Amino acid sequence: MTKLPVFSFTRGVAPVLVTIPHAGTALMPEMAGRMTPTGAALPDTDWYMERLYAAAADLGIGMLRANYSRYVIDLNRGADDATLYPGRPKTGLVPELTFDGEPIYRVGEMPDEAEIAARRDLYWQPYHDAVAEELARLKARWGWAILWDGHSIRNEIPRLFEGRLPDLNFGTDEGRSCNASLIAPIIQSANRQTHYTHILNGRFKGGYTTRHYGQPSNGLHAIQLEKAKSIYLDHQDAPWPMGRIKSRAVVEMVGNFLEIAKNWRP
């Protein structure tokens, strides 16, 4: 049994749901003792996401945040662990390596297939059941629903991508996960953010969540935003301190994006 709820959920009244799958830091019982020092530090966590999305509550937008680390199970991967980006290193449903390629587990301590299946049942399935249920509720009330999947990542991870990422990486599965009239004003707002670079459907086009739930023809729209950690952290190494002034600007910017999504009409 898990000691903490799989996720924390605040229901909103707007037709938008913010999902945060990678900000959790909790581990399964006895898992920490099986991990390397690097793995136990949880370097690939999306730090402070719920703080950066603080405007959601003021806008009446619901938020669903995972409490367990992505090293327990990656909620933005499909249950079948299908490859999202062919030709790139696969980070996996239950990762064995960090983004930099360092082992997460000590030798001989990696989970076997039975444990992976158990993790799917305990952590992955309840999270996605909750996402699907809330989107269905919002769609029943409004006629449509928008899922906003919030992430962060280091600007440079040579193992996963070449060069340096833009500050804001929007993904709509090459336009398949949301209506063009929804993402267009959001990108226009990003254009006005002269302190940040941005791209739409660049290296990150959206993970499982965006691709699975984004069904515009069925009234469901999904957007992923991968923010560079450099725009809100003082530095990108442990203990990953949050920059007070930098993060305040990001909170305001994200609030503008969410307000556009809230006010959008099909």
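**Helix 4 and its surroundings**

Helix 4 (residues 113–142) has its buried residues covered by, among others, strand 1 (7–10), strand 2 (16–20), strand 3 (62–66), strand 4 (145–153), helix 6 (208–213) and strand 7 (220–228). Helices (H or I, at least four residues) and strands (E, at least two) are DSSP runs, numbered from the N terminus. The model is a predicted one, where local features need pLDDT of at least 70, side-chain atom pairs count only at pLDDT 80 or more, and totals for chains, interfaces and linings use all residues. Residues are numbered from 1 along each chain as its sequence is written, and side-chain values use heavy atoms, with hydrogens and water left out.

Which residues of helix 4 are buried? The list runs Glu115, Ile116, Arg119, Tyr123, Trp124, Tyr127, His128, Ala130, Val131, Glu134, Leu135 and Leu138, buried being under 20% relative accessible area (1.4 Å probe, protein chains only). An α-helix has 3.6 residues a turn, so residues three or four places apart point the same way.

End to end, the 30 residues of helix 4 reach 41 Å from first C-alpha to last, close to the 44 Å expected at 1.5 Å a residue, the expected span being 1.5 Å times one less than the number of residues. There is still a kink of about 40°, centred on arginine 120; the bend is the angle between axes fitted to the seven residues ending there and the seven starting there. Just past helix 4, glycine 143 takes a positive phi of about 100°.

How values were computed: Buried < 20%, exposed > 50% of the residue type's maximum accessible area, 1.4 Å probe, protein only. Contact = heavy atoms within 4.5 Å.
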